[in-house]
Amino acid sequence: MTKRHIIAFDAGGTAVKAALYDERGRECAVASAAMAPLHPAPGFLERDPEAMWAAICATTRKVLHAAAVAPSSIAVVGLTGYGNGLYLVDRRGEPVRNGILSPDQRAQGEVARWRNARLEDAVVSLTWHKLWAGKPLPLIAWLESHEPETLARAARALMCKDYIRYRLTGALAAEVSDLSSGGLIDQRTRQWTPAVLDCLGLSRYERLFGEALEPLTVAGAVTEKAALETGLLAGTPVSAGYADGPAMALGLGATDETLISVISGTWGLNQLASRTPITDGSISAPILGPRPGEFILTDAGPTSASAFEWFVDSVLAPADGSGRDREALFDFCNRQVALTRPSDAIPFFLPYLNGRLDQPEARGSFIGLASWHGLPEMVRAIYEGAAFEHRGHIDHLLKDRARPLAARFAGGAARSRPWLEIFAAAIALPLEIAEAHELGALGAAIIAAVGVGLYPDLATAVAAMTRIRDRIDPDPVLADILARRSTAFKALRHALNPLWSTL
């Protein structure tokens, strides 16, 4: 039988997904398992690695059954998952504690201490990344102070998708795009470097790291044990995998500076594929691309469409007596927004429910509420606030660069036509919406397809496996109104900066 299917896993921050594709990138089946973060303490966000692996096994069997595809037809397994955070395993590959998610804030004190000691400049010069609490090294420093026995047992530090690859293949390894995202790579050489640990006085933990795999390679094969657990065929090649944000950009087909990818999800990601890196630490992350000399320039924040999901789940749903499910409440909110008119009289919403990378103490806030405002105006303010925050990141990312022709757009906001119209006007770019739904998994499938030889190169694979289903052009009248409101949003954002630490 010709092996022409690809199964890809996306272990994002709130769910684990398995998607099955044919060689043209068409989705044959998708299965998802919710992975609500564990909150062992305020600001702590964790995941049970065994629960994640159980979800991988369950979703794999579901997609194989739903698509009626024989495991023998699968050419390769693709992998992606949330970036940063930390998974620690012992010499036998057993987790020594729960994994830590990237929005986790427990290591803020370590980052503040390093900045006060002026250690960050050396890190930026080497990795082109600034420090923030959810990166691996601040988390290791926190564990040294609070869980030294954990670090004593640990033999290897992994990212989320690396742990899944280990469970599939039995081989412990890191991969360069995730190490790059984590600030652990010398970006000039695409090599793991112990020097970054030296910068922060953590050289004793060099033993937790090692050489890294390139994305466009096969890292191993499904073991007999993993085959029994997942339903995959033993010996099926497993891709090295690719970091989650860049994988989504790849699934959107945004592979050069003519297109920017904008992803409104748990995080707000704005990414530009370029051969000209930004090296001064002024953006969230320059991440190594899949090919030498490529960088995925990323400016991002730990909140976007998730701010609206919070509002529905935590505010609207408990107060709703109709018994409507989550999707029905989302539709209801879209109808509410349709009752509003774009206006300078709409209140503002600062969407910082999980803080900001540059201001961890920031919090979500409605500003400018009046007695004549109600649910329609509040929902519109949330939609606009997420879009304004993206606009700030996009303007920062494109400073001194030509404007892209369009933004390839994905995420929760893509399910709402009113929100898409607000986004297009707020960022002043046409939005192009992908045909595929699981963009991270599709990007991982593209990487895997090239790695196993289904396509001769990345450009050919992207052209064959990605498609656009819709385009939303900015409404000029709405764009003028939102340009004014975006200026006011920036002023509010700036004015509150000195106050967050006092609240």
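1. A quick definition before we start: a residue counts as exposed when its relative accessible area is over 50%, and as buried when that area is under 20%. Keep in mind too that this is a predicted model. You'll find aspartate 400 in the loop between helix 13 and strand 21 (406-411).

2. Aspartate 400 is also worth a look for its backbone. Most residues other than glycine have a negative phi. Aspartate 400, though not a glycine, has a positive phi of about 65 degrees. Tryptophan 128 is another case, with a positive phi near 65 degrees in a residue other than glycine. Tryptophan 128 sits in the loop between helix 3 and helix 4. Is tryptophan 128 buried or exposed? With a relative accessible area of 6%, tryptophan 128 is buried.

3. That part of the chain leads us to the cavities. How many cavities of 30 Å³ or more are there? The count is two. The largest cavity holds about 60 Å³ of space. Helix 3 (120-127) and helix 4 (136-146) are the elements that give two or more residues to its lining. Among the lining residues of the largest cavity are Val123, Thr127, His129, Lys130, Leu137 and Pro138. By class, that lining has five nonpolar, four polar and two charged residues.

4. Now the second largest cavity, with a volume of about 50 Å³. Its lining includes Leu86, Pro136, Met159, Asp162, Leu184 and Phe209. Sorted by class, the lining of the second largest cavity comes out as nine nonpolar, no polar and one charged residues.

5. Next, have a look at the second largest pocket, which has a volume of about 540 Å³. Which of its 26 lining residues are closest to the centre? They are Asp299, Asp358, His393, His396 and Arg493. Strand 18 (295-301), helix 13 (375-397) and helix 17 (476-496) each supply at least two residues of the lining. Helix 13 gives the most to the lining of this pocket, with five residues. By class, the pocket lining has nine nonpolar, nine polar and eight charged residues.

6. Helix 13 turns up again in a helix pair. Two packed helices are described by the angle between their axes and the distance between the axes. For helix 12 (residues 326-338) and helix 13, the axes come within 8 Å and cross at roughly 100 degrees. Angles of 65 to 115 degrees count as roughly perpendicular, so helix 12 and helix 13 are roughly perpendicular to each other. At the contact, Phe332, Cys333, Asn334, Gln336 and Val337 in helix 12 meet Leu375, Pro376, Val379, Arg380 and Tyr383 in helix 13. By class, this contact has seven nonpolar, two polar and one charged residues.

7. Helix 10 (residues 244-251) and helix 15 (residues 439-452) make another pair to look at, with axes that come within 7 Å and cross at roughly 85 degrees. Helix 10 and helix 15 are therefore roughly perpendicular to each other. From helix 10, Ala247, Met248, Leu250 and Gly251 take part; among their partners in helix 15 are Leu439, Gly440, Leu442 and Ile446. The class count for the contact of helix 10 with helix 15 is eight nonpolar, three polar and no charged residues.

8. Serine 180 has its place in helix 7 (residues 176-181). At 1% relative accessibility, serine 180 counts as buried. Leaving out residues up to four places away in sequence, serine 180 touches His129, Ile185, Gln187, Pro286, Ile287 and Leu288. Threonine 150, in helix 5 (residues 148-153), also counts as buried, at 5% relative accessibility. With sequence neighbours up to four places away left out, threonine 150 touches Leu88, Val96 and Arg97.

9. Last stop: cysteine 28, in strand 3 (residues 27-34). Cysteine 28 has a relative accessible area of 35%, so it is partly exposed. Not counting residues up to four places away in sequence, cysteine 28 touches His5, Leu20, Tyr21, Asp22 and Ala67. How far apart in space are cysteine 28 and glutamate 46? Cysteine 28 and glutamate 46 are 31 Å apart, C-alpha to C-alpha, and 18 residues apart in sequence.

Technical notes: Residues numbered from 1 in each chain as written. Predicted model: local features only at pLDDT ≥ 70, side-chain atom pairs only at ≥ 80, totals over all residues. Heavy atoms only, no water. 1 Å grid on protein atoms, 1.4 Å probe; cavity = no way out; pocket = protein on both sides within 12 Å on 5 of 7 lines; lining within 4 Å. Points joined across faces, edges and corners; volume = space filled by probe spheres on them. Helix = DSSP H or I, 4+ residues; strand = E, 2+ residues; numbered from the N terminus. Nonpolar A, V, L, I, M, F, W, Y, C, P; charged D, E, K, R; others polar. Axes fitted to C-alpha atoms, helices over the stretch in contact; angles between N-to-C directions. Parallel < 35°, antiparallel > 145°, perpendicular 65-115°, else oblique. Contact = heavy atoms within 4.5 Å. Buried < 20%, exposed > 50% of the residue type's maximum accessible area, 1.4 Å probe, protein only.
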